[in-house]
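This briefing concerns a single protein chain, and its sequence and structure are shown first. Please keep both in view while reading the points below.

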Amino acid sequence: MNSAQTIVVAGLWGTAILALAIGVYSWRRRSMGEWAISFAVLAFAIAFWSFAYGMEVAVETQAAKLFWAKIEYVGIVTVPVAWFVFALQYTNRAGWLTRRWLLALCISPALTLLLVFTNEWQHDLIWTEIGMDSSGLIPVLATTHGVWFWIHSAYSYILIIAGAILLIQAFARYPRAYRRQNASLVAGALLPLVANVIFLSGVLPLPHLDYTTFSFAICCLLIANAIFRYRLFELVPVARRTAVDNMRDGLIVLDLQNRILDINPAALNLFQRPAIEMVGYPLYQFLQDQAYILDGFRDITDMETEIDVNTPDRLRTFALQISPLHDGRDHLSGRMITFHDITARKEAEQALARARDEALAASRFKSELLARVSHELRTPLNVILGYTEMLQEGIFGPLTPAQWEPTQKIVASTDFLARQVNELLDLARLEVGQLQVNIREMSVADVVRDVHEKMVVLADAKGIQLLSQVQDNVPTIVMGDPNRTAQILLNLVGNAIKFSDGGVVQQQVLVADGRLLLRVSDQGIGIPAEMQETIFEPFMQVDGSLTRQRSGTGLGLAIVKQLTELMAGSITLESKVAQGSTFTICLPLVTANGEENSDAGNHK
Ligand code: ADP
């Protein structure tokens with residue numbers, strides 16, 4: 001072996017080792033996909049070819065060189081098939097590779113091998129002449145090729161070119177972020193072809209040397225780098241597919257003729273058909289009598305809407321979204337329909353709306369009933385009261401003392417009843433918004449005096465001292481509704497007396513922070529903390545039992561609160577059980593000349 005031979009052999013065996021390493025690496029990663037196996041086979045075939053070629057260069061005699069040249073063919077015929085199969089598998093076309101097709105692909109390589117090893121039978125299909133060329137730096141076999149060699153070459157080129165086209169097509173679709181990987185893959189796919197063109201053009205030194213194994217090894221290196229180093233990228237389409245398959249929304253991809261290109265399991269479930277019956281067929285075909293649904297969307301490429309669909313079991317509502325799909329050159333190429341079953345939500349919404357309407361109707365009915373009943377009750381009550389008073393006044397003849405007493409009871413009870421009815425009527429009116437306050441000039445002192453006069457008898461009867469006070473800083477005349485203000489105070493003072501068994505009840509009016517405060521306090525039984533909110537609701541009483549000692553309907557405070565709010569005020573309560581309660585009404589202070597929040601400190 002001369003030194004040129006040594007260099008070339010070292011180069012070829014180096015290539016063989018490189019290809020072997022790539023093959024082992026890929027084989028170890030075969031769990032990533034079948035393509036890793038075919039890629040390993042490709043690399044092993046290149047390694048084998050390179051090694052045998054090195055042997056061919058290394059040995060000296062023609063017979064030995066011919067022997068290794070034949071052995072090389074095991075690698076040579078395997079490379080194109082492995083390359084093509086790898087390209088199919090890597091670009092997700094493994095479905096084409098039925099066993100029959102794989103066998104068909106192998107017919108030509110098998111024939112080639114057979115003819116190579118039977119060349120000495122003089123069929124001359126591979127080599128017509130075999131000799132030695134020792135003129136160059138390296139002695140090589142000098143051969144002329146027979147017919148089958150050219151058939152074999154054409155076949156190999158077709159497979160290699162087809163594989164390269166498949167790969168380049170797939171790489172071109174990869175997102176921009178993967179440009180480096182992309183470039184490396186495209187270069188890898190093109191390299192064997194480019195190398196072959198260069199080889200055939202004869203511009204390289206040592207014209208009898210075949211560089212194909214070099215170029216293939218480098219090609220494998222580039223491709224291996226791209227597919228293994230960036231292998232995570234492979235997961236992206238898988239992840240997307242999984243997401244689409246598992247999502248609960250239906251997804252249908254249509255081409256421009258509305259044929260189904262893709263449909264996910266959720267959508268299939270709705271149609272109750274397998275994908276194989278639907279993909280490729282027009283969507284209309286599966287909508288039967290409901291095809292009209294699509295009519296409205298025939299040419300719409302971008303919208304969101306809700307549709308009702310009669311499914312076998314029931315009417316369902318879907319939120320439908322149609323989005324346009326564009327190809328790489330921004331031409332509209334189809335539509336994507338996604339739909340989401342919102343039947344449950346719709347039904348819940350409708351139920352809620354129904355419940356709300358019913359509640360509103362019930363509330364209106366209740367208020368109307370209250371208003372009517374209260375009104376109808378008041379008239380006869382007034383008649384009873386009127387006639388009883390006439391009896392007492394002796395209009396129908398003088399009453400004996402024995403008769404006087406029952407009339408007193410009639411008056412008291414009727415009075416009580418009338419008050420209750422009035423409260424009911426007020427509350428009903430407040431609830432339907434019929435009760436309005438009548439704001440005019442009002443003397444706070446007069447209101448307080450009236451309340452005092454009405455209540456002092458009750459207080460005296462229970463041994464309670466009633467104190468009424470208007471502080472100096474309250475303007476003589478303020479804007480307000482004297483009747484409703486009195487009603488509030490009467491209620492609060494009435495309660496204070498009712499829920500006290502002695503001590504002092506005080507009603508007080510003052511101005512603080514520019515607001516008018518009405519304060520009623522007592523030293524009575526107090527209100528437990530947990531009841532202090534709820535007693536302002538209608539019919540709420542601390543002692544709600546029928547056997548309670550202090551009569552009442554539980555409406556007073558509800559009325560007080562609503563009246564206060566009607567006057568743009570607020571009510572607060574401080575109370576301790578067994579110590580007493582203080583209710584404070586806080587109203588906006590408007591003086592007679594219309595100034596709000598004026599400092600009214602010195603008006604009185
Ligand atoms: P009524 O007095 O007709 O029961 P109210 O709405 O006026 O209805 O009062 C509701 C409840 O609040 C009363 O039943 C009572 O339990 C409690 N309450 C009201 N004022 C006082 C008070 N000053 N002291 C103690 N408890 C009170």
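The model is predicted. Its protein chain comprises 16 helices and 14 strands. Of the 604 residues in the protein chain, 42% are buried. Among contacts between residues at least 6 apart in sequence, 61% join residues at least 24 apart.

**Packing of H1 and H7**

- Helix H1 spans residues 3-28, and helix H7 covers residues 212-229.
- The axes of H1 and H7 are 10 Å apart, and the two helices pack at an angle of about 30°.
- H1 is therefore roughly parallel to H7, since angles under 35 degrees count as such.
- The crossing in which H1 passes H7 is left-handed.
- On the H1 side, the contact is made by Gly11, Leu12, Thr15, Leu18, Ile22, Tyr25 and Ser26.
- On the H7 side, the contributing residues are Thr213, Phe214, Ala217, Cys220, Leu221, Ala224 and Phe228.
- By class, the residues of the contact of H1 with H7 comprise 10 nonpolar, 4 polar and no charged.

**Two residues of H7**

- Alanine 217 belongs to helix H7 and is one of the residues through which H7 meets H1.
- Alanine 217 has a relative accessibility of 1% and therefore counts as buried, the cut-off being under 20%.
- Leaving aside residues up to four places away in sequence, alanine 217 touches Thr15, Leu18, Ile22 and Ile46.
- With a relative accessibility of 7%, serine 215 counts as buried.
- Serine 215 touches Leu191, Pro192 and Ala195, when residues up to four places away in sequence are not counted.
- The C-alpha atoms of serine 215 and proline 192 are separated by 5.4 Å, and the two residues are 23 apart along the chain.

**Packing of H3 and H4**

- Helix H3 (residues 62-90) and helix H4 (residues 99-117) have axes that come within 9 Å and cross at roughly 165°.
- An angle over 145 degrees counts as roughly antiparallel, and H3 and H4 are therefore roughly antiparallel to each other.
- H3 and H4 form a right-handed crossing.
- H3 brings Lys70, Ile71, Tyr73, Val74, Val77, Val81, Phe84 and Val85 to the contact.
- These residues meet Leu102, Leu105, Cys106, Pro109, Thr112, Leu113, Val116 and Phe117 of H4.
- The contact of H3 with H4 divides into 14 nonpolar, 1 polar and 1 charged residues.

**Salt bridges**

- There are 13 salt bridges in the structure.
- Aspartate 255 is paired with arginine 259, and the closest N and O atoms of this salt bridge are 2.9 Å apart.
- Aspartate 255 is buried, at a relative accessible area of 10%, whereas arginine 259 is partly exposed, at 35%.
- A salt bridge also joins glutamate 277 and arginine 273, with 3.1 Å between the closest N and O atoms.
- Glutamate 277 has a relative accessible area of 38% and is partly exposed; arginine 273, at 30% relative accessibility, counts as partly exposed.
- Aspartate 341 and arginine 316 form a salt bridge through their side chains, at 2.6 Å from N to O.
- This pair links distant parts of the chain: aspartate 341 is in strand E7 (residues 332-341) and arginine 316 is in strand E6 (residues 315-326), 25 residues apart.
- Aspartate 341 counts as partly exposed at 35% relative accessibility, whereas arginine 316 counts as buried at 19%.
- Arginine 316 is classed as buried because its 19% relative accessibility falls under the 20% cut-off.

Terms used:
Residues numbered from 1 in each chain as written. Predicted model: local features only at pLDDT ≥ 70, side-chain atom pairs only at ≥ 80, totals over all residues. Heavy atoms only, no water. Helix = DSSP H or I, 4+ residues; strand = E, 2+ residues; numbered from the N terminus. Buried < 20%, exposed > 50% of the residue type's maximum accessible area, 1.4 Å probe, protein only. Contact = heavy atoms within 4.5 Å. Axes fitted to C-alpha atoms, helices over the stretch in contact; angles between N-to-C directions. Parallel < 35°, antiparallel > 145°, perpendicular 65-115°, else oblique. Left-handed = near helix turned anticlockwise from the far one by under 90°. Nonpolar A, V, L, I, M, F, W, Y, C, P; charged D, E, K, R; others polar. Salt bridge = Lys/Arg side-chain N within 4 Å of Asp/Glu carboxyl O.
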